[in-house]
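User: Can you take me through this one? I'm new to reading structures.

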Amino acid sequence: MQRITILGATGSIGVSTLDVLARHPERYSVYALSAQTRVEELAAQCVQFRPARAVVGSAAGAAQLTALLRAAGVATEVDYGEAALCAIASAPEVDTVMAAIVGAAGLAPTLAAARGGKKVLLANKEALVMSGQLFIDAAREAGAVLLPIDSEHNAIFQCMPQFGGKVPAVREQGAGVAKILLTASGGPFLTRDVETLDAVTPDQACKHPTWSMGRKISVDSATMMNKGLEVIEAHWLFGAPAEQIEVVIHPQSVIHSMVSYVDGSVLAQLGNPDMRTPIAHALAYPERIASGVAQLDLTQIATLQFERPDFKRFPCLALAFDALRAGGTAPALLNAANEVAVQAFLDLKIGFRQIDRVIAHVMDALPHGAAHSIEAVMAQDAAARAAADTHIAGLSR
Ligand code: NAD
Ligand code: MG
């Protein structure tokens, strides 16, 4: 029996994870669940899965959750705040942690899971983008196993049979890898006239052609910052330098990524675009379990297309490559400026095409330094957020 904590249980990844767990009650039990604000949804999950512990974002939320659970006769212990998240991520009772909080808020608890030597199922790419080598070192020192949930990275993992959950794969094992080919759908605005992008609404940006996801990552997919963050994520997970990572637009999202080897072989992982596949893969690794995802019918899909990304249409992709090459705390700067800009777009404070300009402004305005400690990373994150806020306030005035 594997005992599991889900950080971000009410989100898109959290709900998909519970869906897979519910199919295999004999293999998995839920130790703890967390949610920031959606207390009623979390209460319903607790009634169904009976975790020992649940964590929410505030004292008021904790009081509300406690009342709901006691009324339903559920004994789950309720707590709130970051220290409580770190506690459910690192408790001795836990084997596996699904890190599915969105954004920098997930860094501390995800790192706590790595330091606790857990099997860490990493959906929260921002945590790794920010902390990079520090995170990899923490995982390695504690003997944590890091399994990628991001569909592309999970695909790459499956296309590197020699990887075995040990990071970083390419650098350490000299695995004969020529290139990592990271596929991207191109999002909802792949073919839209660039000049009309100023007018797009948050709902249009969040309407992804092939995946159903949370709003932040959906906007990131529309700007392709998501792919940029994934390039940095691939760098850390697989130890591949920027030149070894290539982004390929593939609108059908059937090939989830590929690995090209020096002998000319290219391995790909295919499947319907449903996150329950990588979730089930990582949960059961190295075994295979049913996920609820329909079998792929290639004759129905018939055509698979590929094209090179246009860095002018998607300036965020270029900014992410710049941050990766700059190193140090530059990726943390990029990530924080992006989180603030995306939220400002969702809050109708800036237009879609201002997202990349805000990030570029912050990256130009602030020096980045060495990422010698988590404190240095968090200081860079805070400085970037303040600079982005000030810049946005000036724009919307
Ligand atoms: P979501 O917005 O649907 O859910 C986010 C979860 O995090 C919720 O449970 C929410 O309560 C919690 N949360 C939000 N802010 C928080 C805070 N400040 N403190 C603590 N908890 C907080 O997001 P999602 O789409 O499920 O994405 C989660 C993570 O997985 C992201 O890092 C995303 O990049 C990554 N990811 C998602 C998908 C996908 O298909 N949705 C695919 C690949 C990677
Ligand atoms: Mg992805």
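Analyst: We can go through the ligand site, a helix and a database annotation. Keep in mind that this is a predicted model.

User: Ok, ligand 1. Which residues come nearest to it?

Analyst: There are 26 residues around ligand 1, and the nearest are Gly8, Gly11, Ala105, Met213 and Gly214. Helix 1 (12–22), helix 6 (125–142) and helix 10 (215–223) each give two or more residues to that shell.

User: Which helix gives the largest share?

Analyst: Helix 1, with three residues.

User: And how many in the shell are nonpolar, polar or charged?

Analyst: Twelve are nonpolar, nine are polar and five are charged.

User: Where does ligand 1 lie relative to the domains?

Analyst: Between domain 1 (2–148) and domain 2 (151–325), because both of them give residues to its shell.

User: New topic: helix 7. Is it largely enclosed or open, and why?

Analyst: Largely enclosed by the rest of the structure, because eight of its eight residues, 151–158, are buried. Among them are Glu152, His153 and Phe157.

User: What covers those buried residues?

Analyst: The cover includes strand 7 (145–148), strand 8 (177–184), strand 10 (255–261) and strand 11 (266–270). Helix 11 (225–238) and helix 12 (276–284) are also part of that cover.

User: Last one. What does UniProt place at residues 4–132?

Analyst: An unreviewed UniProt entry places the domain "1-deoxy-D-xylulose 5-phosphate reductoisomerase N-terminal" there.

User: How much helix and strand is in residues 4–132?

Analyst: That stretch is 47% helix and 21% strand, with its end C-alpha atoms 24 Å apart.

Methods: Residues are numbered from 1 along each chain as its sequence is written. Chains are lettered from A and ligands numbered from 1 in the order in which they are written. This is a predicted model: local features need pLDDT of at least 70, side-chain atom pairs count only at pLDDT 80 or more; totals for chains, interfaces and linings use all residues. A residue is buried if 20 or more other C-beta atoms lie within 10 Å of its own, exposed if 12 or fewer, and partly exposed in between; C-beta atoms are placed from the backbone. Helices (H or I, at least four residues) and strands (E, at least two) are DSSP runs, numbered from the N terminus. Two residues are in contact if their C-beta atoms, placed from the backbone, lie within 7 Å. UniProt positions are given in the numbering used here, feature names are shortened, and annotations may be inferred rather than shown by experiment. A residue is near a molecule or strand if its C-beta atom, placed from the backbone, lies within 6 Å of it. Ala, Val, Leu, Ile, Met, Phe, Trp, Tyr, Cys and Pro count as nonpolar, Asp, Glu, Lys and Arg as charged, and the others, Gly among them, as polar. Domain bounds come from an automatic or database domain assignment.
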